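Student: Could we go through this model together, starting from the overall fold and ending with local detail?

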Amino acid sequence: MEVSLDTQTATSSQLLNEDAHLEARNINVWFSGKHVLADVNLQFPRNSVTALIGPSGCGKSTFIRTLDRMHELIPGAQLSGEVLFNGKDIYGPAIDPISVRLDIGMVFQKPNPFPTMTIREKVLSGLKLSGRKVRDEDSLVESCITRASLWPEVKDRLNSSAG
């Protein structure tokens with residue numbers, strides 16, 4: 001498999017020697033006993049961009065969910081292997097999943113609002129989940145929604161469902 005990095009071409013075995021910021025080792029995933037990913041090994045070199053490309057249903061999203069512990073939220077899901085972030089296994093017994101997700105984020109292809117939250121609660125959810133405090137939540141909510149170009153549309157519905 002050939003991988004192109006900054007106009008240089010390197011084989012996947014050469015990439016394994018790079019300084020890995022995030023690394024998946026022998027990842028296996030099952031859903032209700034069905035083995036859907038087998039022995040996936042991939043390193044993400046520091047200061048690089050990696051694209052996972054493949055047809056629908058080939059396991060890209062499933063694999064990505066293993067990288068920030070979202071896989072374990074799916075009923076019937078199982079995982080073996082290791083995911084190392086800065087050399088530490090994110091699935092270790094003393095590792096808090098919320099703290100992992102503060103460092104390793106995921107952008108979804110389709111909007112995925114929390115069904116029970118209001119628009120305002122959704123905007124503030126990252127702060128609340130991480131235990132961070134803000135002096136003026138109202139200003140922050142307005143600023144965030146304005147930057148998303150949605151303020152005129154939702155300013156009178158902040159306490160309505162985000163769905």
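Student: In what order do the elements of the protein chain run from the N terminus on?

Tutor: Bear in mind that this is a predicted model. The protein chain holds six helices and six strands. Read from the N terminus on, the order is β-β-α-β-β-α-β-β-α-α-α-α.

Student: Which residue in strand 4 is the bridge partner of W30?

Tutor: Strand 3, residues 20-31, pairs with strand 4, residues 34-45, in the antiparallel sense over eight bridges. The two strands form a hairpin with two residues between them, and S32 in the turn has a positive phi of about 45°. Within strand 4, the bridge partner of W30 is H35.

Student: Against which helices do the buried residues of helix 4 pack?

Tutor: Helix 4 spans residues 119-130, and its buried residues are I119, L124 and S125. Beyond the end of helix 4 comes G131, which has a positive phi near 75°. As for the packing, the buried residues of helix 4 lie against helix 5 (137-147) and helix 6 (151-154).

Conventions. Residues are numbered from 1 along each chain as its sequence is written. This is a predicted model: local features need pLDDT of at least 70, side-chain atom pairs count only at pLDDT 80 or more; totals for chains, interfaces and linings use all residues. Side-chain values use heavy atoms; hydrogens and water are left out. Helices (H or I, at least four residues) and strands (E, at least two) are DSSP runs, numbered from the N terminus. Buried means under 20% relative accessible area, exposed over 50%, partly exposed in between (1.4 Å probe, protein chains only). Contact means heavy atoms within 4.5 Å. Two strands pair if DSSP finds at least two bridges between them.
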